[in-house]
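Take a look at the model below. This report follows a few side chains and asks what they touch.

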Amino acid sequence: ENAAPSNVSTSTMSTMINIIMWIVRIAILAIGGIPGLIKIVQGQQEENPRDRNNGIVSVVIAGVAFAATFAIAALINL
């Protein structure tokens, strides 16, 4: 029911959505994933379980957000 008309190409929109989603994925990794990994290593080195656990939580949240971008892209490209 929401399909594009037969004479309209949606390939440009799909390409733009894919590019934007990859930019968002990279930002999620840069903002949440990498600092979380650093926090895990620092907490392990300093024998501080609170910092290590905070790092693990950050990595898990970043992973869920990263995976959610694939679902969002699939929903948009229906």
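Lys39 counts as partly exposed, because its relative accessibility is 32%, and partly exposed means between the 20% limit for buried and the 50% limit for exposed. This is a predicted model, and every value here is computed from it.

Which residue does Lys39 form a salt bridge with? The partner is Asp51, and the closest N and O atoms of the pair are 3.8 Å apart. That is within the 4 Å cut-off for a salt bridge. The count of salt bridges comes to one. Lys39 lies in helix H1 (residues 11–45) and Asp51 in helix H2, so the pair ties together parts that are 12 residues apart in sequence. Side chains of opposite charge can pair when their charged atoms come close.

**Around Asp51**

Is Asp51 buried or exposed? Asp51 has a relative accessible area of 17%. Buried means under 20%, so Asp51 is buried. Leaving out residues up to four places away in sequence, Asp51 touches Lys39, Gly43 and Glu46. The side chain of Asp51 also makes a polar contact with the side chain of Asn48, at 3.3 Å.

Asn48 caps the N-terminal end of H2. One of its side-chain oxygens lies 3.2 Å from the backbone nitrogen of Arg50.

**Helix H2**

Asp51 lies in H2, which covers residues 49–76.

Which residues of H2 are buried? They are Asp51, Gly55, Ala62, Thr69 and Ala73. These buried residues pack against H1.

**Aromatic rings**

Now for the rings. A pair of aromatic rings is described by the distance of the centres and the angle of the planes. How many aromatic pairs does a search of the whole structure find? The search finds three. Two of them are set out here.

| Pair | Centre to centre | Angle between planes | Type |
|---|---|---|---|
| Trp22 and Phe70 | 5.9 Å | 85 degrees | edge-to-face |
| Phe66 and Phe70 | 5.5 Å | 70 degrees | edge-to-face |

Why are these pairs edge-to-face? Planes over 60 degrees apart count as edge-to-face, so angles of 85 degrees and 70 degrees both qualify.

Where do the partners lie? Trp22 is in helix H1 and Phe70 is in helix H2. They are 48 residues apart, and their pair links distant parts of the chain. Phe66 and Phe70 both lie in helix H2. They are four residues apart, about one turn of the helix. Ring pairs link Trp22, Phe66 and Phe70 into a cluster.

How open are these rings? Trp22 is partly exposed, at 44% relative accessibility. Phe70 is partly exposed, with a relative accessible area of 40%. Phe66 is partly exposed too, with a relative accessible area of 23%.

**A charge over the rings**

Arg25 meets two of the residues named above. How far is Arg25 from the ring centre of Trp22? Arg25 lies over the face of Trp22, at 4.6 Å from the ring centre. The charged end of Arg25 also sits over the ring of Phe70, 3.7 Å from its centre. Trp22 and Phe70 are themselves an aromatic pair.

Terms used
Residues numbered from 1 in each chain as written. Predicted model: local features only at pLDDT ≥ 70, side-chain atom pairs only at ≥ 80, totals over all residues. Heavy atoms only, no water. Helix = DSSP H or I, 4+ residues; strand = E, 2+ residues; numbered from the N terminus. Buried < 20%, exposed > 50% of the residue type's maximum accessible area, 1.4 Å probe, protein only. Polar contact = N/O pair within 3.5 Å; in protein donor to acceptor, adjacent residues only side chain to side chain. Contact = heavy atoms within 4.5 Å. Salt bridge = Lys/Arg side-chain N within 4 Å of Asp/Glu carboxyl O. Phe/Tyr/Trp six-rings, centres within 6.5 Å; stacked < 30°, edge-to-face > 60°. Lys NZ or Arg CZ within 6 Å of the ring centre and 35° of its normal.
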